[in-house]
Amino acid sequence: MLPEGKGTLTHASGKGPFGPLAEGETLVTSGLLEGVRVVDLAGEAGAIAGRVLGDLGAEVVVVEPAGGHPLRALPHRWLAWSAGKASVAVDGPADAVLDDLFATADIVIDTPGAPGALTLD
């Protein structure tokens, strides 16, 4: 059963992922993760996960090294995968900002070993 009061959207074509929707049926596409905070340390391989969680209503904070996220070198991907995310730059893994973010996070996305990205390694 879906949580009451969460956002819904009916697909414009009237079809759901598994065929036509029944009359009055809706696809839930946003608001399900409202109130959930995600800290996104992901490199390219995991950046889309944060985007999907944000699309579902989570607050997503992408953490960038002081020189910028490696995906910024790929503007089309950066714009697509960082849409709807807040961004914070840190000086490194020992930055106190990370402690504050982790203390309030419900989910942390990490891709260990991602070139140029911060990780929990």
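This is a predicted model: local features need pLDDT of at least 70, side-chain atom pairs count only at pLDDT 80 or more; totals for chains, interfaces and linings use all residues.
Residues are numbered from 1 along each chain as its sequence is written, and side-chain values use heavy atoms, with hydrogens and water left out.

So, the parts list. We have three helices and six strands, and from the N terminus the order is β-β-β-α-β-α-β-α-β. Those are DSSP runs numbered from the N terminus: helices are H or I of at least four residues, strands are E of at least two.

Now the sheet. Four strands make an open sheet in the order β5-β4-β3-β6, with parallel pairing; strands pair if DSSP finds at least two bridges between them. β5 (86-90) and β6 (107-109) are at the edges with a single partner strand each, so one side of each has no neighbour in the sheet. On average, neighbouring strands are turned by 25° against each other, direction ignored. For angles, axes are lines fitted to C-alpha atoms, for helices over the stretch in contact, and values run from 0 to 180 degrees between N-to-C directions.

Let's look at β3, residues 37-40. Three bridges join β3 to β6, with V39 opposite V108 and D40 opposite I109. On the β4 side there are four bridges, also parallel, and there D40 has V62 as its bridge partner. The chain gets from β3 to β4 through α1, and this β-α-β crossover is right-handed: with the strands pointing away from you, the path from the first strand over the helix to the second runs clockwise. Helix α1 (residues 47-55) lies across β3, β4 (59-65) and β6, at about 150° to β6.

What's in the largest nonpolar core? Eight residues: V39, L41, V61, V63, V90, L98, L101 and A105. A core here means buried Ala, Val, Leu, Ile, Met, Phe, Trp, Tyr and Cys residues joined through side-chain atoms within 4.5 Å, and buried means under 20% relative accessible area with a 1.4 Å probe, protein chains only. β4 and α3 (96-104) are the elements giving two or more residues. A second, separate core of seven residues includes V36, V38, L53 and V60.

Back to L101: leaving out residues up to four places away in sequence, L101 touches R37, V39, V61, V63 and V88, where contact means heavy atoms within 4.5 Å.

Methods:
Buried means under 20% relative accessible area, exposed over 50%, partly exposed in between (1.4 Å probe, protein chains only).
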